[in-house]
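I am opening a notebook on a structure that is new to me. Each entry says what I looked up and what I found.

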Amino acid sequence: MGRVKSATRNIAFGYIGQVATALISFVLRTVFLMHLNEKLLGINSTYTNILAVLNMAELGIGTALNFSLYGPVARGEIEKIKSYMRLYRKAYYVIACVVAGVGLLISPFLKYLVKNPGDVSLRDLTLFYFIFLFNTVSSYFVAYKFSLVNAEQKNYIQTNILTITKVVTSLIQIVVIVVTENFYLFLLTDAAVQLIQKIFVSRYLNKMYPYLKDKDAEPLSKAESKEIWKKTEALVYHKVGDVARLQTDAIIISSFIEVSVSGFVDNYNLVISSVSNFVNIIFNSVISSFGNLIATESKERQFSMFKVYRFFAFWFYGFSAVGFMVLLTPLISIVWGQKWVLPTVTVYCILMDYYFRGERIVLSNYKTAAGVFEPDKYLTLIQGAVNLVLSIILVQTPLGLTGVYIGTIVSGLLGNIVRPVIIYRTCFDSKNIAGYYVETIKYFLSMVFVLIICRFIAGFVLADLNMLTFLIMVVIITVIFNGVYLLLYGRSEEFKYVYSRVKEKLSKRG
């Protein structure tokens, strides 16, 4: 199966899965807020982020091994694949034990991480946490097998399994909440369905790749093992920095402000992630295809596709950022009520980081596909430290919640500025980087221009806020944003390439 066909299938199933999970997540969240309370929602959000921090124990070995598998899979080297998977399995079993141990050590400190939990006792806080911990630890015993599926550009298999699991889990949880209004049963339902999924996945992938059960896999050579651990060492820094930058905001909010505020923010994040995941499906689905491209095509071809990839990111993230800045708070107000609305300045800070995250995703995914991990390993650590220091200082000032996200924005922009230089030097033979930053500024100013127009129009359309005026504004933003960008960039080489590919696909179907 060709790269384009594989990426297309991954994207198609990704969209189907995202639509299903987004719809069921909104229904589940609405039922949750009707029958439980904001304290439990905040606890759910905080524990999710604590366990994300614990996942730092994975330390990037999965990413390093995924990259190492691209070559053997492309060449059909079964014995070499077995050797890599053997190492992967052993590493993940050790990681599972480490996460379990560290997770248990953290449990006595939960009372300091969850500020003002209301009538939730410390005993309940601890038991809730152990259920989260079980889900995380058990995932390591099967997660490594997905690396082979993804290296073969069959990401849709993992997507479909996760989608079915999410839908089934959410449906059962909805029934449990309505009938019992019990948070314990809500969490245990998730744990039970996920455990069944893990058993199924293990058996399914063993059947799909029977050689995974072979006991005669040869150990990797010293040179191969050295290369993997060299990349893993660099990824340790990336992982620690990413966790400090991306997964600590909810913990800081819960510790310094109040645990229920994490739930307020989580509502916004649910909407943002539900929409942004549609965009990320495209970008994440082509990582394996980029890995294949880098292994087989010229530098010029790689650079050309990188520019197309980046163009997509700025268009889609610009479009969604404008939509969020105009419509996110009105949507929260319509769906869950004015009670759950955050201050406008806080929302804009969250969304500014979201917009620039689009560029960082492109850079990160391309680096991953190219196996470039070492040159910027300290940058991520610096970003994480900047985020933690700024967020903790500013959250204790009158800025409060907004201060947390100022720290996130500043730390994120460090990556937007420095990482392109590294990629241009290592992947594109030191091409002129000035054009990259000029394009970044141009894309940003285009987004701001459209935002000003849409905000002005929204002042009239949303004066009487209801679902009809909300939908009218959705249409207006869609037409204005895409119309302006088409006028500005419709003649660019990147747009012409995308248009030709879409036209080709439609003509084949016709």
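I started with Lys-307. The model is predicted, so I read every value here as computed from that model. Is Lys-307 buried, partly exposed or exposed? Its relative accessible area is 28%, so Lys-307 is partly exposed.

Next I looked up the salt bridge of Lys-307. Its side chain meets that of Glu-494, at 3.5 Å from N to O. I then checked where the two residues sit. Lys-307 is in helix H14, and Glu-494 is in helix H20, residues 493-509. They are 187 residues apart, and the pair links distant parts of the chain. Glu-494 has a relative accessibility of 11%, so I noted Glu-494 as buried.

**Entry: Arg-310 and Glu-359**

I stayed with salt bridges and looked up Arg-310. Which residue does the side chain of Arg-310 meet in a salt bridge? I found Glu-359, with 3.9 Å from N to O. Arg-310 lies in helix H14 and Glu-359 in helix H15, residues 344-370. The two are 49 residues apart in sequence, so the bridge ties together separate parts of the chain.

I checked burial for both ends. Arg-310 has 3% relative accessibility and counts as buried. Glu-359 also comes out at 3%, and is buried. The cut-off for buried is under 20%, so both values fall below it. I then asked which residues the shared partners join into one network. The network holds Arg-310, Glu-359 and Glu-439.

**Entry: Lys-39 and Glu-258**

How many salt bridges does a search of the whole structure find? I noted 10. One of them joins Lys-39 to Glu-258, whose closest N and O atoms are 2.7 Å apart. Lys-39 is in helix H2, residues 38-54. Glu-258 is in the loop between helix H11 (249-256) and H12. The two residues are 219 apart, so I logged this as another link between distant parts of the chain.

Are Lys-39 and Glu-258 buried or partly exposed? Lys-39 has a relative accessible area of 15% and is buried. Glu-258 is partly exposed, with 23%.

**Entry: the second largest pocket**

I turned to the second largest pocket. Its volume is about 430 Å³. I counted its lining next and got 18 residues. Which of these lie nearest the centre? They are Val-275, Phe-319, Ser-320, Gly-323 and Phe-324.

I looked up which helices build the lining. Helices H1 (3-35), H12 (259-285), H14 (299-336) and H19 (467-489) each give at least two residues. H14 gives the most, with 8 residues.

I looked up Thr-408 in helix H17, residues 401-427. Its relative accessible area is 3%, so Thr-408 is buried. What does Thr-408 touch, leaving aside neighbours within four places in sequence? I listed Arg-245, Asp-249, Asp-353, Asn-387 and Ser-391.

Thr-126 came next. Thr-126 is in helix H6, residues 122-143. Its relative accessible area is 19%, and the cut-off is under 20%, so Thr-126 is still buried. With neighbours within four places left out, Thr-126 is in contact with Tyr-47 and Leu-110.

**Entry: Ala-385**

I found Ala-385 in helix H16, residues 377-395. Its relative accessibility is 40%, so Ala-385 counts as partly exposed. I also noted its spacing to Val-240. The two C-alpha atoms are separated by 9.8 Å, while the residues are 145 apart along the chain.

**Entry: the whole chain**

I finished with totals. The chain has 20 helices and 0 strands. Buried residues make up 53% of its 510 residues. The chain exposes about 22900 Å², and carbon and sulfur atoms supply 67% of that area.

Residues 24 or more positions apart account for 84% of them.

Methods. Residues numbered from 1 in each chain as written. Predicted model: local features only at pLDDT ≥ 70, side-chain atom pairs only at ≥ 80, totals over all residues. Heavy atoms only, no water. Helix = DSSP H or I, 4+ residues; strand = E, 2+ residues; numbered from the N terminus. Buried < 20%, exposed > 50% of the residue type's maximum accessible area, 1.4 Å probe, protein only. Contact = heavy atoms within 4.5 Å. Areas by Shrake-Rupley, 256 points an atom, 1.4 Å probe, with all protein chains shown as cover. 1 Å grid on protein atoms, 1.4 Å probe; cavity = no way out; pocket = protein on both sides within 12 Å on 5 of 7 lines; lining within 4 Å. Points joined across faces, edges and corners; volume = space filled by probe spheres on them. Salt bridge = Lys/Arg side-chain N within 4 Å of Asp/Glu carboxyl O.
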